[in-house]
Amino acid sequence: DNSPPIMSVIEPLSEAILHVGDTLSIQWEVIDDYGLEAVQLYYAIDSDFILISDELVGINQFEWFVPNHPTGQMRLKLMATDLAELSDSIIVDNISILPVYPMIRILDPLNNDTLQIGDQINITWMDSSGLGSASHNISFNIDYDWITIGDFIDLESNQIEWTVPNEPTDQLSLRLISENMFGYLDT
């Protein structure tokens, strides 16, 4: 054997756009006339490549959880080595990893609702992002000071019950801050 393996990447292509937390299906082809000893997959955010897997002989696809490293310059590298120690590698560059923020909206109460002191109301919201939110801080404001109603982690539903305080005002504001599992926030 005097010819190295020949590698090609099917997916992803250069300048692909990924999101933190995605599962990326990395697909490739490798041809060798002698037999493969190793196929390795790496990624680099900065200058150094980090091994993802080196147990890829006999397969041509790998499912990879995109890390929480937003960048516009990620690179993937595939390297194949045959039994004669000849190798080929290919780099896919300029891959973007974008953060995923919660996308929350308070559903109830509505703007301009009238609430009575002592009322038990349900504060409900939705998160339309793909990941959902892991923690929430809900507070209210009457005079420029935010007063915490509660901090909640891993709620079963996007709803809490709140007793309207004895604070007469026509300027009550509610604020919801939600954070997803990667630490990205929306208010």
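The legends below describe several views of a predicted model of a single chain.

**Figure 1. Overall dimensions of the chain.** In this predicted model, the chain holds 15 strands and zero helices. The C-alpha atoms fill a box of roughly 85 × 30 × 20 Å along the principal axes, and the radius of gyration of the chain is 25 Å, whereas a compact globule of 187 residues would have a value near 16 Å. Asparagine 2, which belongs to the segment before strand 1, is 163 residues away from proline 165 in sequence, and their C-alpha atoms are 81 Å apart in space. Asparagine 2 counts as exposed, because its relative accessibility is 73% and the cut-off for that class is over 50%. Of the 187 residues in the chain, 34% are buried, and the chain exposes about 11000 Å², of which carbon and sulfur atoms supply 46%. Among the contacts between residues at least 6 apart in sequence, 65% join residues at least 24 apart.

**Figure 2. The largest nonpolar core and the surroundings of methionine 74.** The largest nonpolar core has 24 residues, and those that touch the most other members are Ile26, Trp64, Met74, Leu76 and Leu78. Two or more residues each come from strand 1 (6–11), strand 3 (23–31), strand 4 (36–44), strand 7 (71–82) and strand 8 (87–98), and strand 7 gives the most, with four residues. When neighbours within four places in sequence are left aside, methionine 74 is in contact with Leu18, with the run Tyr43, Ala44 and Ile45, with Trp64, and with Val92, Asp93, Asn94, Ile95 and Ile97.

Figure 3. Strands of a sheet pair through backbone hydrogen bonds, which may be arranged in a parallel or an antiparallel way.

**Figure 4. Strand 4 between its two partners.** Strand 4 is mostly covered, with seven of its nine residues buried. Strand 4 pairs with strand 7 in the antiparallel sense over eight bridges, and in this pairing alanine 44 stands opposite arginine 75 of strand 7. Strand 4 also pairs in the antiparallel sense with strand 5 (residues 50–53), here over three bridges, and tyrosine 43 stands opposite isoleucine 50 of strand 5. Strand 4 and strand 5 form a hairpin, with five residues between them.

Figure 5. Four bridges join strand 9 to strand 10 (residues 120–127), the two running antiparallel, and isoleucine 106 stands opposite tryptophan 125 of strand 10.

**Figure 6. Backbone features in the loop between strand 1 and strand 2.** Most residues other than glycine have a negative phi, and most peptide bonds are trans. The peptide bond from glutamate 11 to proline 12 is cis, with omega near 0°, and proline 12 lies in the loop between strand 1 and strand 2. Glutamate 15, which is placed in the loop between strand 1 and strand 2, has a positive phi of about 70° although it is not a glycine. With a relative accessible area of 60%, glutamate 15 is exposed.

Figure 7. Asparagine 112 counts as exposed, because its relative accessibility is 79%.

How values were computed
Residues are numbered from 1 along each chain as its sequence is written. This is a predicted model: local features need pLDDT of at least 70, side-chain atom pairs count only at pLDDT 80 or more; totals for chains, interfaces and linings use all residues. Side-chain values use heavy atoms; hydrogens and water are left out. A nonpolar core is a set of buried Ala, Val, Leu, Ile, Met, Phe, Trp, Tyr and Cys residues joined through side-chain atoms within 4.5 Å. Buried means under 20% relative accessible area, exposed over 50%, partly exposed in between (1.4 Å probe, protein chains only). Contact means heavy atoms within 4.5 Å. Two strands pair if DSSP finds at least two bridges between them. The radius of gyration is taken over C-alpha atoms; the globule rule is 2.2 Å times the number of residues to the power 0.38. Accessible areas come from the Shrake-Rupley method with a 1.4 Å probe; for residues, only the protein chains shown count as cover.
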